[in-house]
Amino acid sequence: MKSLSIVIPLYNECESLRELHEGVSVELERLGMPAEIIFIDDGSTDCSLDVLKELQQSDPRIRI
């Protein structure tokens, strides 16, 4: 079976990460295929990394 890798670069996106993750998750569920979501943090100085780690605890598809 094919799988999908979604790569999302980010920089200081703390405020929008939860909403972005929710939208991506809804579409992945609709597609019904295995996937990974790769977030690439380009040195954020806000709480982006903390939010990503929190999201990763509840979604094993997330890679940071």
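A search of the whole structure, a predicted model, finds 5 salt bridges. A salt bridge is taken as a side-chain nitrogen of Lys or Arg within 4 Å of a carboxyl oxygen of Asp or Glu. Residues are numbered from 1 along each chain as its sequence is written, and side-chain values use heavy atoms, with hydrogens and water left out.

One of the salt bridges pairs E54 with R18, with 3.1 Å between the closest N and O atoms. E54 belongs to helix α2 (residues 48-58) and R18 to helix α1 (residues 17-31), so this pair ties together parts that are 36 residues apart in sequence. Helices (H or I, at least four residues) and strands (E, at least two) are DSSP runs, numbered from the N terminus. Both partners are partly exposed: E54 has a relative accessible area of 44%, and R18 has 43%. Here buried means under 20% relative accessible area, exposed over 50%, and partly exposed in between (1.4 Å probe, protein chains only).

A further salt bridge joins E27 and R30, at 2.8 Å from N to O. These two residues lie 3 apart in helix α1, a separation of about one helical turn. An α-helix has 3.6 residues a turn, so residues three or four places apart point the same way. E27 is partly exposed at 37% relative accessibility, whereas R30 is exposed at 60%.

R63 forms a salt bridge with E36, and their closest N and O atoms are 3.9 Å apart. This pair links distant parts of the chain, with R63 in strand β3 (residues 62-63) and E36 in strand β2 (residues 35-41), 27 residues apart. R63 is partly exposed at 40% relative accessible area. E36 is also partly exposed, at 24%. Elsewhere, salt bridges link E29, D59 and R61 in a network.

Two strands count as paired if DSSP finds at least two bridges between them. Between β1 and β2, which run parallel, there are 7 bridges. Within this pairing, P9 stands opposite I40 in β2.

Contact means heavy atoms within 4.5 Å.

Helix α1 has 15 residues and spans 21 Å from its first C-alpha to its last. This is close to the expected 21 Å, where the expected span is 1.5 Å times one less than the number of residues. Its buried residues are L17, H21, V24, S25 and L28. Seen down the axis of α1, the buried residues fall within an arc of 105°, so they line one face of the helix. The arc is that of the directions from the helix axis to the C-beta atoms. These buried residues pack against β1, β2, α2 and β3. On the other side of α1, E19 and R30 are exposed. After α1 comes G32, with a positive phi near 65°.

Note on methods
This is a predicted model: local features need pLDDT of at least 70, side-chain atom pairs count only at pLDDT 80 or more; totals for chains, interfaces and linings use all residues.
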